[in-house]
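Please look at the sequence and the model shown here. The paragraphs that follow lead from the spaces inside the protein to the contacts between its chains.

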Amino acid sequence: MTEAETPRIGVFICHCGHNIAGVVDVVRVAKMAESLPHVVFSTDDMFMCADAGQQLIKDMVEEHSLNRVVVASCSPRMHEPTFRRVVEEAGLNRYLFEQTNLREHVSWCHMREPEAATEKAMDLVRMSVARAAKLENLPVKSVKVTPRTLVVGGGITGLRAALDIANRGFDVVLVDKEPKLGGHVAKWTHMFTGDRSGSEVVGPLVKEVKAHSRIEILTNSSVIEFDGYIGNFEATIENRKDKARSKFDIGTVIVAIGFDAFKPHGYYGYGESPDIVTLAELQEMPPRDRLLKPSDGKPASKIAFIGCVGSREPGKRGHEHCSRHCCPAVAKAASDLKDRLDEVLILYKSIRTYGRGHEELHRLARSKHVIYSRFPDGEDPVIEVVDGKVKMRWTDIYADEELQFEPDILVLASAMVARSDIDETTKLFGLTRSRDGFFNPEHIKLAPLTTHTAGVMIAGAAQAPKNASESVVDASGAAAKAVGIMARGEVEIESTVSRVISELCSSCHTCVTACPYGAIEMDESKDPPIAFVTEAKCHGCGTCAAACPSSAIIMLHSTDDQIMTMVQAYLCAPPDTIGGT
Amino acid sequence: MNNETHTPSSDFAKEIALIPGGEVINKCIQCGICTASCVVACVDDQYRPRRLIQKILIGKRDEVLKSDQPWLCMTCRMCEERCQEGVSPAEIFHAVRILAVKEGHIPKVFQITVEKVLCDGWMLADAYTDFNEDEREDLGLNPALAWNDTFTKKVKKKYLAGEESA
Amino acid sequence: MKEIMLYRGCTTPVRLPAYEAATIAVLGKLGVKVVEMDDANCCGAQYVESVSRMAFAAMSGRILALAEKESQDILALCGACSGSLKINKHFLDNDEKARKEVNELLSEEGLKYTGKTRVRHLLQVLNEDIGFEAIEKAIKKPYKGLKLAAHYGCHVTRPYEIVQVDDPENPTIIDRLIEIAGAEAVDYVGKTRCCGGPLLAMDESLATHIGQDKIRDAIAAGAQGMVTACVFCDIQLTQVQFGEDTDSSKMIPVIPIVQFLGPALGIKEDVLGIELNKTSPDIILSALQEAK
């Protein structure tokens with residue numbers, strides 16, 4: 001704080017209609033605030049966030065030459081950005097604004113104790129005012145954004161995202177470790193719900209991508225190095241064949257690496273006979289008029305499917321989830337194949353034909369006399385391969401019958417699992433994964449395609465098991481997020497970050513290890529090396545400051561002083577009319 | 001293969017689907033609402049419409065046709081009213097009965113009553129006594145009931161000759 | 001006066017002739033003349049129905065043709081008969097091959113089925129042809145302080161798409177008639193459940209169990225009696241209250257709708273045959289108020 005500037009604090013207590021005022025005596029709180037140190041103006045108002053409330057702040061800043069504003073209202077998660085903008089419009093630095101939460105932290109949780117709630121409100125306002133006096137100007141920084149997106153994965157998700165971004169006028173670098181684009185979909189003979197093959201569906205996308213002038217394609221390649229921060233990443237891509245490396249400046253990233261089709265060794269005799277295949281393997285068989293047995297090439301006349309193979313197994317990490325795409329895919333496959341076969345059986349635990357056109361597929365299969373047979377939880381069908389023949393035994397729980405069947409082909413609808421090399425990708429891009437093995441989004445409902453690494457998006461089956469149509473939805477959503485960042489050309493970064501006091505740094509590297517976002521490095525150009533924070537990567541969590549044994553790191557906008565003054569204001573009765581701390 | 005375990009087949013369901021009443025058997029998704037609504041299932045814990053339909057769908061032809069179960073349905077149609085898929089277990093069991101009769105399986109009481117109805121023209125010829133006649137007269141009703149048995153005999157000849165077996 | 005041709009069915013004339021008499025009297029009072037059907041046969045419900053689709057269609061078809069010959073609609077008092085006639089009418093109206101085959105049989109006696117005849121269950125005649133307003137006007141001696149449960153019968157109300165009598169899950173015709181006559185209609189658990197009658201042939205004890213459950217549920221809801229609209233249901237719900245394991249002190253009167261309406265309309269009890277009822281109707285009759 002500049003020596004000359006004495007804090008002139010304005011306090012605005014919000015009624016929030018009945019939400020706060022119904023429990024807290026806001027008038028009394030506003031009155032009490034008048035006597036707090038450095039407060040030159042205090043009032044209460046119906047809705048501070050409304051146009052009238054915002055105007056009131058601006059007017060009072062001018063009228064009373066306020067240089068600090070405290071609004072006691074809802075949670076900062078609601079309106080901190082709103083009020084910061086108002087304060088800025090009134091001519092003050094946005095970090096000279098302090099919000100007290102009288103709603104979520106007081107009126108909404110102490111509804112039946114208005115007296116005690118009012119006391120608590122007064123305590124909280126007293127603490128906020130004390131802190132406000134210690135707040136400082138912080139510079140508002142932006143970083144430039146490179147107008148180029150790195151799309152990792154050239155399956156249907158990556159292809160759609162790349163096209164969406166390129167069509168908006170931005171460059172794309174599309175990387176895939178396989179020799180060809182198209183991912184899993186390109187290998188499948190038929191999709192659901194329509195009747196086209198996978199390559200018919202994804203082929204046109206591949207063609208368009210290849211023809212697009214803004215998309216640079218690197219197949220047979222992987223990202224081996226990745227560094228930087230939002231808008232300013234640097235990626236190194238290596239060709240797996242000739243080891244040639246290329247470096248790119250990248251503004252945003254979309255990770256769309258897809259899934260692995262689980263090979264269920266140990267389940268239902270998989271691997272003991274070539275006639276026991278996964279649904280993915282069935283989908284990859286070349287299309288023919290007759291369905292042929294893999295073992296001897298003879299035409300099949302009866303087949304069976306088993307659902308939930310390697311999915312929905314509580315306690316088995318990575319296999320606890322439902323793989324979502326299989327029930328409709330099995331219904332479609334069964335329905336198509338029944339026309340050419342005598343008998344088709346589907347053994348299931350559940351039928352989850354949830355999406356558009358799926359239930360119709362289920363009914364179509366049944367109308368063709370596909371037999372659906374449910375087996376009990378915990379009593380899986382027993383499969384044996386005897387003399388090259390696949391023999392099945394199970395209990396049909398609804399008919400209450402022991403059944404047996406010798407299918408020519410047994411199809412296991414096995415799980416969609418996370419890619420075997422997902423660990424490397426996770427570390428490379430600073431992502432996290434959930435228990436099921438797939439990437440964690442920033443927020444499961446409100447921000448499903450962004451991550452905690454600003455500028456890096458996730459999409460498609462890598463984000464969670466889903467079918468091709470749903471993956472395409474993700475792709476366009478992630479592309480929109482990427483374009484949103486790049487279109488502005490620059491992005492503001494928060495100033496509530498950590499800062500190293502170089503003179504105090506003892507080069508212990510503790511903060512480097514402690515930072516969850518990899519935002520701290522040692523500046524080797526100094527001797528001894530000094531810790532250095534890349535502000536664009538910093539999320540302001542405070543872990544480094546807490547860990548530093550030399551107290552060499554401060555958190556801007558949450559300094560020790562600012563925090564301790566709140567504690568003191570709470571514990572020690574405020575000095576009376578004299579004022580000052 | 002074990003002789004006691006059944007091998008599923010869709011043939012029986014296809015057969016039932018050809019009989020009036022059985023056409024939509026394959027729409028059954030085994031949800032169970034029929035059995036939950038069934039009054040007979042409430043009092044007889046062996047009677048389960050859903051189970052009987054699944055037995056048809058997996059092809060247990062012999063067991064179903066020889067069973068008493070399809071004959072226990074009261075045709076109250078609560079299942080039909082509640083089924084969300086448009087299936088009527090009551091109608092399916094009618095279709096099963098018709099097929100069962102063709103193969104010589106019919107509960108004695110049904111066989112006897114059918115005989116009676118078709119020979120006498122109505123069900124209670126034996127039960128209509130002088131006492132009943134008097135009762136009707138006292139009430140001002142016509143004691144002569146004038147039932148026609150010629151037509152029912154024709155019906156028997158045309159549709160049920162040799163159908164009700166011993 | 002409107003006319004309608006009565007199809008008696010097998011059971012009513014023998015087991016519950018009072019129901020027939022009361023129907024004729026009540027409908028007559030409300031402006032509908034009931035005429036006799038001559039030379040009828042069994043409708044084929046339940047038994048023939050289970051052994052041959054065409055035999056069933058032929059038997060019901062003949063009854064429909066008999067009424068058609070006299071240009072009359074059919075009144076059915078029994079739920080099973082009403083259901084059979086309607087279902088077979090629907091079948092014959094929509095299946096040309098079946099209709100042709102049945103007409104071939106009927107032609108030998110100069111009968112023909114073209115579908116002109118409508119089948120009306122008693123409740124339809126009361127609700128649609130006569131109407132609640134007219135019935136209300138005709139009430140002379142209303143009931144008071146009486147709680148009754150309505151039992152509609154399965155074949156009367158289901159399958160709705162074909163029989164179209166009343167809401168299959170929440171029927172109200174009998175309830176409204178109860179209220180019009182001044183009594184209180186009581187809702188009870190399992191109101192739309194079957195009486196158990198059709199199961200008598202295969203398993204009498206189960207059937208009795210089902211019927212007794214119904215009576216118990218009605219009593220639990222505070223009903224003092226039960227009003228029926230099907231001869232079979234009436235006989236069944238009466239019968240299950242007698243027997244070795246029943247408590248005669250817990251018996252409630254079971255009464256067809258027309259025997260309930262009759263006294264309220266001012267019709268004498270002996271015309272309605274109430275003295276023939278197996279369950280004592282005293283509690284109902286004693287709730288009758290004097291003429292208004």
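A cavity is found on a 1 Å grid over the protein atoms alone, as a set of points where a 1.4 Å probe fits but cannot get out, and its lining residues have an atom within 4 Å of a point. Grid points are joined across faces, edges and corners, and a volume is the space filled by probe spheres set on the points. By this rule, the structure holds eight cavities of 30 Å³ or more.

This is a predicted model, in which local features need pLDDT of at least 70 and side-chain atom pairs count only at pLDDT 80 or more, while totals for chains, interfaces and linings use all residues. Residues are numbered from 1 along each chain as its sequence is written, chains are lettered from A and ligands numbered from 1 in the order in which they are written, and side-chain values use heavy atoms, with hydrogens and water left out.

The largest cavity has a volume of about 200 Å³. Its lining consists of 22 residues, and A:G307, A:C308, A:C326, A:C327 and A:S350 lie nearest the centre.

Which chains touch one another? Contact here means heavy atoms within 4.5 Å. Two pairs of chains are in contact, and chains B and C share the most contacts. Chain A and chain C do not touch, their nearest C-alpha atoms being 23 Å apart.

Between chain C and chain B, 61 residues of chain C meet 51 residues of chain B. Buried area is the accessible area (1.4 Å probe) that two parts lose on being put together, summed over both. For chains C and B this area is about 5,100 Å², with 69% given by carbon and sulfur atoms. On the side of chain C, the residues C:Y47, C:V51 and C:M202 lose the most area to chain B, together 14% of what that side buries. Three salt bridges are found across this interface; a salt bridge is a side-chain nitrogen of Lys or Arg within 4 Å of a carboxyl oxygen of Asp or Glu. The side chains of C:E108 and B:K154 form a salt bridge, at 3.0 Å from N to O.

The contact of chain B with chain A takes 23 residues from each of the two chains. Here about 2,000 Å² is buried, 53% of it on carbon and sulfur atoms. The rule finds four salt bridges across this interface. B:K60 pairs with A:E401 in a salt bridge, where the closest N and O atoms are 3.0 Å apart.

Definitions and conventions. On a 1 Å grid over the protein atoms alone, a cavity is a set of points where a 1.4 Å probe fits but cannot get out, and a pocket is an open set with protein on both sides within 12 Å along at least five of seven lines; lining residues have an atom within 4 Å of a point.
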